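Reader: I am new to this structure and would like to learn how to read it feature by feature. Could you show it to me, and then take my questions in turn?

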Amino acid sequence: MTDIFDVIADGTRRDILQLLRQRSADGDAGTSVTQIVSELGISQPTVSKHLKVLREAELVTVREDGQRRFYSIEPAPLEVVDDWLVPFLADAYGDSAPDIPGLAGVVPPLPDGAAHAAEVVGRAAASAKHVVQTALKRLGA
């Protein structure tokens with residue numbers, strides 16, 4: 001599988017993911033290549049090339065309807081990025097981490113003790129995951 005960081009390093013692919021995320025939040029059941037081309041103002045071959053990379057990284061799903069294809073974001077693979085970023089955000093912000101738009105009222109705040117415990121467990125899990133992945137890479141696995 002392609003390294004998720006290599007995939008999202010490209011600005012055009014990030015723009016496509018952002019557009020698909022927004023359209024999904026608006027309730028769209030998929031976005032056509034034509035809509036992506038129109039919204040982002042980039043050529044159809046360029047969009048198709050980037051969608052292929054996103055599909056291979058399992059960041060988007062495609063639904064075929066005759067000759068047309070409709071793309072939707074698949075956020076699960078981005079958990080790798082989230083796992084990697086969380087320790088940095090926690091270190092940078094500590095208890096004053098910014099609110100994430102769209103989550104207000106969806107997830108109730110944790111009591112202070114539980115929030116601290118969750119942060120410690122999250123950091124430990126992210127650190128352990130990194131250590132295991134690094135060891136496996138060194139072993140050639």
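Reader: Is Asp15 buried, partly exposed or exposed?

Author: Burial is judged by relative accessible area, where buried means under 20%, exposed means over 50% and partly exposed lies in between, computed with a 1.4 Å probe and protein chains only. Asp15 has a relative accessible area of 43% and therefore counts as partly exposed. Before we go on, please keep in mind that this is a predicted model, in which local features need pLDDT of at least 70 and side-chain atom pairs count only at pLDDT 80 or more, while totals for chains, interfaces and linings use all residues. Residues are numbered from 1 along each chain as its sequence is written, and side-chain values use heavy atoms, with hydrogens and water left out.

Reader: How many helices and strands are there in the chain, and in which order do the elements run?

Author: Helices (H or I, at least four residues) and strands (E, at least two) are DSSP runs, and they are numbered from the N terminus. The chain has six helices and three strands, and from the N terminus on the order is α-α-β-α-α-β-β-α-α. Of the 141 residues of the chain, 21% count as buried.

Reader: Where does Asp15 lie, and at what angle do the axes of α2 and α3 cross?

Author: Asp15 lies in helix α2. The axes of α2 (residues 11–25) and α3 (residues 33–40) come within 11 Å and cross at roughly 110°. Angles under 35 degrees count as roughly parallel, over 145 as roughly antiparallel, 65 to 115 as roughly perpendicular and the rest as oblique, and α2 and α3 are therefore roughly perpendicular to each other.

Reader: Which residues of α2 and α3 make the contact?

Author: Contact means heavy atoms within 4.5 Å. On the side of α2 the contact is made by Asp15, Ile16, Leu19, Leu20 and Arg23, and on the side of α3 by Gln35, Ile36, Glu39 and Leu40. For classes, Ala, Val, Leu, Ile, Met, Phe, Trp, Tyr, Cys and Pro count as nonpolar, Asp, Glu, Lys and Arg as charged, and the others, Gly among them, as polar. The contact of α2 with α3 has five nonpolar, one polar and three charged residues. Asp15 and Leu40 are 25 residues apart in sequence, and their C-alpha atoms are 7.7 Å apart in space.

Reader: Is Arg23 buried or exposed, and which residues does Arg23 touch?

Author: Arg23, which is found in helix α2, has a relative accessibility of 15% and therefore counts as buried. Leaving aside residues up to four places away in sequence, Arg23 touches Asp28, Thr31, Gln35 and Glu39.

Reader: At what angle do α2 and α4 pack, and which residues make the contact?

Author: α2 and α4 pack at an angle of about 80°, with their axes 10 Å apart, and they are therefore roughly perpendicular to each other. Thr12, Arg13, Ile16 and Leu17 of α2 make the contact with Val47, His50, Leu51, Val53 and Leu54 of α4. By class, the residues of this contact divide into six nonpolar, two polar and one charged.

Reader: Which residues of α3 meet α4?

Author: Val33, Ile36 and Val37 in α3 meet Gln44, Val47, Ser48 and Leu51 in α4. The residues of this contact of α3 with α4 divide into five nonpolar, two polar and no charged. The axes of α3 and α4 come within 9 Å and cross at roughly 115°.

Reader: How many aromatic pairs does a search of the whole structure find?

Author: A pair of aromatic rings is described by the distance of the centres and the angle of the planes. Rings of Phe, Tyr and Trp (its six-membered ring) pair if their centres lie within 6.5 Å, and planes under 30 degrees apart count as stacked, over 60 as edge-to-face and the rest as tilted. The search of the whole structure finds one aromatic pair, formed by Phe5 and Trp84, which is edge-to-face at 5.5 Å centre to centre with 70° between the planes. Phe5 in helix α1 (residues 4–8) and Trp84 in helix α5 (residues 79–93) are 79 residues apart, and the pair links distant parts of the chain. Phe5 counts as partly exposed at 29% relative accessibility, and Trp84 is partly exposed with a relative accessible area of 45%.

Notes
Axes fitted to C-alpha atoms, helices over the stretch in contact; angles between N-to-C directions.
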